[in-house]
Amino acid sequence: MSFADTWLFLQQGVLSGLVTGSVYALLAVAVVIIFKTTDVPNFAQGEIFMVGGYIALFLILVMGWPYLAVIPVTLVGVAVLSGLFQRVVMERVIASKGVGVQMVIATLGLAYALKGLVRTSGLGDTPRSLPPLASTDAVIIGDAVLTRLDLLIFAVAVTVMLLLFGMFTYTRVGRAMRAVGMNPKAARLTGVNLTRIRMMVWALSGLISAVAALLITPKILITPDIGHIAILAYAAAIVGGITSLPGAVVGGFVIGIAENLVGLFISTNAIVVAPFVAIMVVLLLRPQGLLGGKLQVKKV
Amino acid sequence: MSNKIDRILLALMAVVLMALPFMASGYVIYVVNLLMVFVVLALGLHLVIGETGQFALSHAAFYGVGIYTAGLINNLWHPPFFVSIIAGGLLAAALGYLIGALALRMRDIYLALSTFAFGEAMQWVFLNWQSVTNGSNGFRISPATLFGYALVSDVKAYPFVVVIAALLLWATVALSRSQLGSAFRAVRESDIAAQAMGVNVNAIKRTAFTLSAAYAGIAGGMYTLFASFIHPESLGFQTTILILTMVVVGGIGSVRGAIAGALAFGLISELLRQALSFQEIIYGFILMGFMMFAPKGLFAGRAARRAPPPATPLPAASRAAATASKSPQRSAA
């Protein structure tokens, strides 16, 4: 491989990585906000994302709606589904004294149920994708080639993340969510309604997953098993330190770029296993992640 | 009391298992063989999650290592079948020891995620190590033999499968009654308290992982006795979750629960094999339903022998308690 080739591959890998990485970052943020406020690693993250894609597909392909109507309905639909799951199922698990293991298994139950429901709908029989939101004309940056759609994905993802940071920093409800994440008991004493906040966090997480689904589904083919993509979101969240929002964003970009570089320089076959290796290496060498702060030791 | 019921149930199970080959067809025997494998898998996961409280999600990987090791040895040299099963168990145990080393460094979600990653990476190995596992084409296992007697059918393998499962069940119960079992449970309740009591926490965790992996490896060997084909697709996270479900819905920390869960969910997954979407929906709702209304599972584990958790004191009650015990505490201080 000559130097010029390497340089070209590097540019292409980094830029494509930033695009896919921005979607992983969104999903990682969706994982992290739930983990921070409710202590639940949401194993249904990928399936919630998948359902977002299929709601949009259903509305466009079967109902024939225009994008203008599809986008808000999908966003609201997934947010409501996700919020309801917390309100109905997870609150009930907490009420029956379920702890970590039980809550994880409840989310696994949701994952299975959603996958099965999408499969029975028949839409999942063949891999499909949404009509493009933006034109797929090529845009050349440096020596690398991206499409307009790629730029749109990146721009929207970054905007959503900025809005989220604004929300968590400046609004009452955002601060209440952070307070619940830091110390639920103290938050309740200051008048925060825990049940309501937890429901809103899940709804918010669903909303972010739906955004990610709407962004990436025009670019890739989806099947009911696309939920596997959440593994990359988990890898991103872990690389960044599973309780840090900026960490999740950085982790998303790191994973996206790493994935593309591995694909270009090593082999496309290695892409599949790369995130697992990343998870194990990070957990072994720096268990708190890149931006996870100091490692905490639990005392009895 | 419950001991008596256990004995009756065990006797009943033994009678049914002994009568079965004379009354049932080949398919039923195949399903029972499979259920025995699930029982051993569930017992193995019970050791590491139920007894020791380490949330490990790589059971299917060890199961796969057992299947491929036993199958390969069997295909190459045709030794008496217990040799290949033991080899599979040992290799899985060695890997389990390594993963146990991970467990020393992390806990809870970190452990869950890293073992999950290990399991997925192993499935990738099964899929891509073409020359050994035949990759995505699946792997054919020739019939196991015992000194020239070939186990060519489900019925011929059946007695051996049942005996191995019974041996491992006995080993599990003996283990949980031994000092090692107490040490496992001490680690489950609290690392630090266990250490303070003189339990070597690191060694105990490693032992739990090694044993659990050995069980899964042996289960893999049992599978090679009656099955002739394995595909890496069935050695992924789905299978780990199936076994986890057996253990959790059966009742975390209870051997009875692990067995009941293995039988119930093994049957469900086998009966609904043809209808994937229905299997997933039913599965999902069972999981959510159980966690909502009976999170401790069918058989809550050893609750009677554990001290109740300290209730969070109400402000008034704690104040009263504080005043009541004020003078002795002060004097002690």
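In the predicted model, chain B contains 15 helices and four strands, where helices (H or I, at least four residues) and strands (E, at least two) are DSSP runs numbered from the N terminus. Of the 333 residues in chain B, 47% are buried, that is, have 20 or more other C-beta atoms, placed from the backbone, within 10 Å of their own. Residues are numbered from 1 along each chain as its sequence is written, and chains are lettered from A in the order in which they are written. Local features need pLDDT of at least 70 and side-chain atom pairs count only at pLDDT 80 or more, whereas totals for chains, interfaces and linings use all residues.

The contact between the chains takes 36 residues from chain A and 34 residues from chain B, with contact defined by C-beta atoms, placed from the backbone, within 7 Å. On the side of chain A that touches chain B, at least two residues each are supplied by helix 3 (67-95), helix 4 (100-121), helix 9 (230-239) and helix 12 (274-285) of chain A. Helix 4 of chain A provides the largest share, 15 residues. By class, this side of chain A comprises 24 nonpolar, eight polar and four charged residues; Ala, Val, Leu, Ile, Met, Phe, Trp, Tyr, Cys and Pro count as nonpolar, Asp, Glu, Lys and Arg as charged, and the others, Gly among them, as polar.

Within chain A, helix 10 (residues 245-265) packs against helix 12 at an angle of about 130°, with the axes 10 Å apart. The contact joins A:Ile255, A:Ala258, A:Glu259 and A:Val262 of helix 10 to A:Ala274, A:Pro275 and A:Ala278 of helix 12.

Technical notes: A residue is buried if 20 or more other C-beta atoms lie within 10 Å of its own, exposed if 12 or fewer, and partly exposed in between; C-beta atoms are placed from the backbone. Two residues are in contact if their C-beta atoms, placed from the backbone, lie within 7 Å. Axes are lines fitted to C-alpha atoms, for helices over the stretch in contact, and angles run from 0 to 180 degrees between N-to-C directions.
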